Amino acid sequence: MCGALRASDAGKKVVLMGWVNRRRDLGQIIFVDVRDRTGVTQVVFNHELNAGVHEKAEALRNEFVIAAIGTVKRRNADTINPNIPTGEVELVVEELRILNVSKPLPFLPSDTVLANEELRLKYRYIDLRRDAMQFNIELRHKVALAIRENLAAQGFFEIETPFMTRSTPEGARDYLVPSRVSPGSFYALPQSPQLFKQILMISGFDKYFQIVRCFRDEDLRADRQPEFTQIDLEMSYPQAERVWEVVESFLTAAFKAAGHEIKTPFLRMDFDDAIRQYGIDKPDLRLPAFTDVGDCFSPTDLETLAIHKDLPVIAIRIPHVGELSRKERDDIKPLFVAKGGARVFEDFKRIETKFPDAGAKVRLKAGAAEDDLLVLVVGSAQAGSSGDAHPASKRVTPAELAIYASAGLLRVALSQKYSGRHKFFQKDDYRFLWVTNFPMFEWDEGERRWNAAHHPFTSPHDEDMDKLESDPAMVRALAYDVVLNGTELGSGSIRIHRQDVQSRIFHALGMTEEEARSRFGFFLEALEYGTPPHGGIALGLDRIVMILAGADSLREVIPFPKTAAAKDLMMEAPTPVAEGQLRELGIGVVLKK
């Protein structure tokens with residue numbers, strides 16, 4: 001291979017095959033760097049030693065595919081290239097075979113300035129030859145292999161589940177596949193193997209996993225694709241902690257394969273605590289938590305500042321930002337996304353001047369040094385009440401959630417804006433977290449009904465079962481997310497294993513018995529045949545590799561990704577199909593006007 005030769009190989013007769021990465025013609029001598037996925041070796045064509053081969057080498061251009069046969073020679077000390085592993089040797093070519101030519105390329109794999117992304121995706125086969133992309137795809141392979149080996153060693157079977165199944169929407173739209181033999185009927189590509197893996201538990205395969213492709217017809221972002229790969233697993237008889245141990249084990253193996261050591265066990269945090277401390281259910285622990293400083297202000301202070309006395313007063317601390325100019329303080333306001341009547345006080349110095357006692361207490365309680373940036377997020381005095389109180393509960397009320405969420409978004413925006421002044425985002429600083437005890441349901445204001453916060457197969461806490469019909473907002477799910485540096489890597493839960501409980505959940509979600517039977521009758525029936533307790537999780541392989549590669553987009557770690565418009569520019573897909581194909585399927589196309 002082109003990256004394999006070393007000084008110890010001097011004198012050997014070898015064959016190198018690869019692409020012409022670079023060509024330097026010095027007249028009597030031509031130097032060519034030959035590249036494959038392992039690296040680059042310099043080969044030499046010397047007119048004095050072999051005029052015929054030298055003449056043939058004059059025709060070589062970038063990205064020609066060649067075979068070079070010759071003898072390995074040590075380079076002179078003054079020509080050694082210390083920047084590449086093969087830099088101490090070169091190949092003196094005795095025979096050259098041009099295996100294929102290349103027409104001029106839209107960009108070169110060796111270019112240091114990247115072509116625009118659309119061009120890279122259109123010519124993905126060229127883009128994938130770049131060192132960075134070769135590294136990312138190799139990294140993906142190593143991570144997936146480490147995960148497979150780790151789970152197999154823990155007694156898991158890798159079992160494939162169908163791609164053509166029935167439509168059971170789980171929040172996003174399904175990709176539908178028409179059936180030719182059942183006109184008017186459709187398969188759906190799976191958003192996840194959720195029901196199949198639960199049925200595998202019913203079938204006696206107590207430890208299942210799969211590195212599986214999934215499909216969701218949803219709007220795209222940098223960390224989202226219409227087809228993606230997840231690490232899917234399910235276990236019989238686990239407590240949630242046992243699932244976490246399995247995940248921590250295979251993530252340790254995956255990160256070790258990428259050259260990183262991580263600490264286990266991961267921190268654990270209740271959903272409501274995550275909201276109160278970070279304003280988000282996927283907090284980045286590299287950034288300071290915020291502090292409720294409402295008790296630092298007197299009732300008169302709160303009234304003067306028009307701050308709601310019953311809602312949180314959040315202090316966001318960004319370390320070591322230093323003194324801000326008036327314009328820089330004004331630039332904070334556009335970063336603030338107000339939810340539910342939330343307001344921002346971006347000039348804390350002004351509050352310290354007008355309310356010195358309160359300002360000193362806030363700085364002390366928030367642990368803020370003089371050069372730290374302090375920003376307050378509060379509820380407006382005109383905002384509604386915090387909602388019905390549940391004295392025995394720690395649940396965040398909707399009015400409180402609006403303040404916490406506004407503060408959480410601003411905290412992240414400020415940290416990103418000032419990351420250059422203080423290195424929050426250190427490379428290799430991996431802060432993992434389990435977020436637990438999510439709400440079972442979310443209220444859909446538009447539809448005026450409750451939706452499953454995770455999915456409808458998640459088990460509620462036993463002690464919350466009596467609230468299913470009377471107080472759905474207070475029902476906690478046996479659900480958990482694994483989070484890394486502000487990115488959700490995966491979601492899981494302990495599942496419902498009893499048919500009567502599953503029917504109650506469907507009813508709580510507004511499904512009639514007939515609708516539940518129509519959509520999930522096969523599954524409800526399966527639950528009646530001795531279903532063991534079970535639980536599992538699914539993690540995004542693409543997201544894990546993206547973080548390990550230090551990439552900003554999933555497209556950098558997926559060999560053939562789609563654009564933000566869900567298009568494959570290389571294959572020019574999706575495309576219309578022939579009228580005859582549509583007729584055979586009994587389908588007509590009506591375009592929206």
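Begin by selecting alanine 306, which you will find in the loop between helix 8 (299-304) and strand 13. Remember as you look around that this is a predicted model. The phi of alanine 306 is near 60 degrees, a positive value in a residue other than glycine. Is alanine 306 buried or partly exposed? Its relative accessibility is 26%, so alanine 306 counts as partly exposed.

Next, select histidine 320, in the loop between strand 13 and helix 9 (326-330). Here too phi is positive in a residue other than glycine, near 60 degrees. Histidine 320 has a relative accessible area of 38% and is therefore partly exposed.

An open sheet of 4 strands runs in the order 12-13-15-14, with antiparallel pairing. Which strands form its edges? They are strand 12 (291-292) and strand 14 (342-345), each of which pairs on one side only. Zoom in on strand 12 and strand 13 (residues 314-318): the two run antiparallel and are joined by 2 bridges. To see a bridge partner, pick threonine 291 and look across to alanine 315 in strand 13.

**Two cis peptide bonds**

Select threonine 264 and proline 265 together. The peptide bond that joins them is cis, with omega about -5 degrees. Proline 265 belongs to the loop between helix 6 and strand 11 (267-270).

Then jump to alanine 573 and proline 574, where the peptide bond is also cis and omega is near 0 degrees. Proline 574 sits in the loop between helix 15 and helix 16.

While you have that loop on screen, select serine 553, which lies between helix 15 (541-549) and helix 16 (579-585). The side chain of serine 553 reaches the backbone nitrogen of arginine 555 at 3.0 Å. Why does serine 553 count as buried? Its relative accessibility is 9%, and the cut-off for buried is under 20%.

**Aromatic rings**

Show the side chains of Phe, Tyr and Trp. How many aromatic pairs are there? The count is 17. One of them is tyrosine 123 with tyrosine 125: the ring centres are 6.2 Å apart and the planes meet at 85 degrees, so the pair is edge-to-face. Both partners are partly exposed, tyrosine 123 at 24% relative accessibility and tyrosine 125 at 43%.

For another edge-to-face pair, select tryptophan 244 and tyrosine 480, with 5.8 Å from centre to centre and 85 degrees between the planes. This pair links distant parts of the chain, since tryptophan 244 is in helix 6 (residues 240-257) and tyrosine 480 is in strand 19 (residues 479-484), 236 residues apart. Tryptophan 244 is buried, at 5% relative accessible area, and tyrosine 480 is buried at 1%.

Lysine 122 lies over the face of tyrosine 123, 5.7 Å from the ring centre. The charged end of lysine 417 sits over the ring of tyrosine 418, at 5.8 Å from its centre.

**Helix 4**

Select residues 131-153, which make up helix 4. At 1.5 Å a residue, these 23 residues should span 33 Å, and the end C-alpha atoms are 33 Å apart, which agrees. Its buried residues include Met133, Leu139, Arg140, Val143, Ile147 and Leu151. What covers the buried residues of helix 4? Among the elements that do so are helix 2 (117-122), helix 3 (124-127), strand 9 (207-215), strand 10 (227-236), helix 6 and helix 15. Past the helix, stop at glycine 155, whose phi is positive, near 95 degrees.

**Last stop: a buried lysine**

Finally, select lysine 197 in helix 5 (residues 194-202). With a relative accessibility of 1%, lysine 197 counts as buried. Draw a distance to aspartate 232: a polar contact of 3.0 Å joins the two side chains. Leaving aside residues up to four places away in sequence, lysine 197 touches Tyr208, Asp232, Leu233, Glu234, Arg495 and Ile537.

Notes
Residues numbered from 1 in each chain as written. Predicted model: local features only at pLDDT ≥ 70, side-chain atom pairs only at ≥ 80, totals over all residues. Heavy atoms only, no water. Buried < 20%, exposed > 50% of the residue type's maximum accessible area, 1.4 Å probe, protein only. Polar contact = N/O pair within 3.5 Å; in protein donor to acceptor, adjacent residues only side chain to side chain. Phe/Tyr/Trp six-rings, centres within 6.5 Å; stacked < 30°, edge-to-face > 60°. Lys NZ or Arg CZ within 6 Å of the ring centre and 35° of its normal. Expected span 1.5 Å × (residues − 1). Contact = heavy atoms within 4.5 Å. Pairing = 2+ DSSP bridges.
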